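Let's take a look inside this protein together. Keep the sequence and the 3D view open as you read.

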Amino acid sequence: MKNFTFSNPTKILFGTDAEKHAGEEVKIYASKVLLCYGSGSVVASGLLDRVRSSLREQGIESVELSGIQPNPRLSLVKQGIAVCREKGIDFILAVGGGSVIDTAKAIAVGVPYSGDVWDFYEYTATPTEALGVGVVLTIPAAGSESSNSTVISNMDLQLKRGLTTELVRPRFALMNPVLTYTLPPYQTACGAADIMAHIMERYFTNVRSVDFTDQLCEAGLRVIINNIPRVLANPEDYDARAEIMWTGAVAHNNLFDTGREGDWASHGIEHEISAIYDVAHGAGLAVVFPAWMRHVWRHDVARFAQFATRVWGVEMDYFNPERTALEGINRLEAFFQSIGLPVRLSQMNVPSDRIDEMASKATVKGGGAIGNFVKLDSDAIAAILNSAI
């Protein structure tokens, strides 16, 4: 196990009517807030009105930024920065899922910065200050509600890049499982893949003697595997929704990182797919992860066999652990298919003509290679993508 420092100061208010505390939580930090959200469901459900009412009750003035899309756009981030500067905003409240939260975080670091906020995502500058961010979560998936990371898409350059800094970790997150009842089945399934991917990125590590966090990761995966079919069958199963929502938050709050080094190649590869083709992040991960696994499993057959037996209940073949390892990968892919997700690029209408471009872009940050479990150069990434056509 590696040395580590763990800190997650995000305050979580979890349960029914959690959103009604928005005003009192914001009031701790600010008197004027930028209210960020997408469109449609937060309005139609009445959630936005409840949040507005909570803010008014605490005497908090709000300015709104709406229309945030999946794979959140740099253009709207820049619009939000301009609004904050013009209106003297001192806090940002995100009402939505990962795209809304990531947009809020990007605005938060962009407001006090004199340069182009994209500098942070191109890794040519490092943020030193940020506005505070709070969250009312509506989609369990990205885990951004208590993480120190944000991902933004630059549609002009067809790039999707991430930023990690403690400055963007939300001050609080209000999490009400009831708010997820109206999620469409496909969005629910994409969220499941995203949560599972966050866990698996951490699980596949070269660090030894990490059994405690191994078992935390395995438990998190089993919770998603067991509960997603329940909510697809009954969208208003509160207990199942609660299990998924809490697992999604813990999956990406750095607890599962402690003492180990994660991989993150699959996320890097998927970012290039969604940057060009604007596919759902979770769907892209459902395609990439099994393909990545089939490329790297020989690097540590024992870990993949452990994944198969502990997570999927595969019977261990002691005389042929390779067979056990491969069966675990097959069951992951079959699970994604069973909940309505694609497992091939063609199922997302992603052609093969830009695979080399995506492979090349994916290695920019890594100096020619990405991943920690197995280092992948552009040729390896292209091979993984070609295997997933």
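How many cavities of 30 Å³ or more are there? The count comes to one, in what is a predicted model. A cavity here is a set of points, on a 1 Å grid over the protein atoms alone, where a 1.4 Å probe fits but cannot get out, and its lining residues have an atom within 4 Å of a point. The volume is the space filled by probe spheres set on the points, with grid points joined across faces, edges and corners. For the largest cavity, that volume is about 60 Å³.

Who sits around the hole? The lining includes Ile139, Pro140, Leu183, Arg241 and Ile244. Helix α7 (185-203) and helix α9 (238-250) each give two or more residues to it, and α7 gives the most, with five. (Helices are DSSP runs of H or I with at least four residues, strands are E runs with at least two, and both are numbered from the N terminus.) Here's the lining by class:

| Class | Which residues count | Lining residues |
|---|---|---|
| Nonpolar | Ala, Val, Leu, Ile, Met, Phe, Trp, Tyr, Cys, Pro | seven residues |

Now for helix α10, residues 265-277. Its 13 residues reach 19 Å from first C-alpha to last, close to the expected 18 Å; that expected span is 1.5 Å times one less than the number of residues. Is α10 mostly covered or mostly open? It's mostly covered, with 12 of its 13 residues buried, where buried means under 20% relative accessible area (1.4 Å probe, protein chains only). Among the buried ones are His267, Glu270 and His271. The covering elements include β6 (149-154), β7 (159-164), α7 and α11 (281-296).

Over in helix α1 (residues 22-27) you'll find Glu25. Why does Glu25 count as buried? Because its relative accessibility is 5%. Leaving out residues up to four places away in sequence, Glu25 touches Lys11, Leu13, Phe172 and Leu174; a contact means heavy atoms within 4.5 Å.

Zooming out, the chain has 15 helices and eight strands, and 59% of its 389 residues are buried.

A few ground rules: residues are numbered from 1 along each chain as its sequence is written, and side-chain values use heavy atoms, leaving out hydrogens and water. Local features need pLDDT of at least 70 and side-chain atom pairs count only at pLDDT 80 or more, while totals for chains, interfaces and linings use all residues.

Technical notes. On a 1 Å grid over the protein atoms alone, a cavity is a set of points where a 1.4 Å probe fits but cannot get out, and a pocket is an open set with protein on both sides within 12 Å along at least five of seven lines; lining residues have an atom within 4 Å of a point. Buried means under 20% relative accessible area, exposed over 50%, partly exposed in between (1.4 Å probe, protein chains only).
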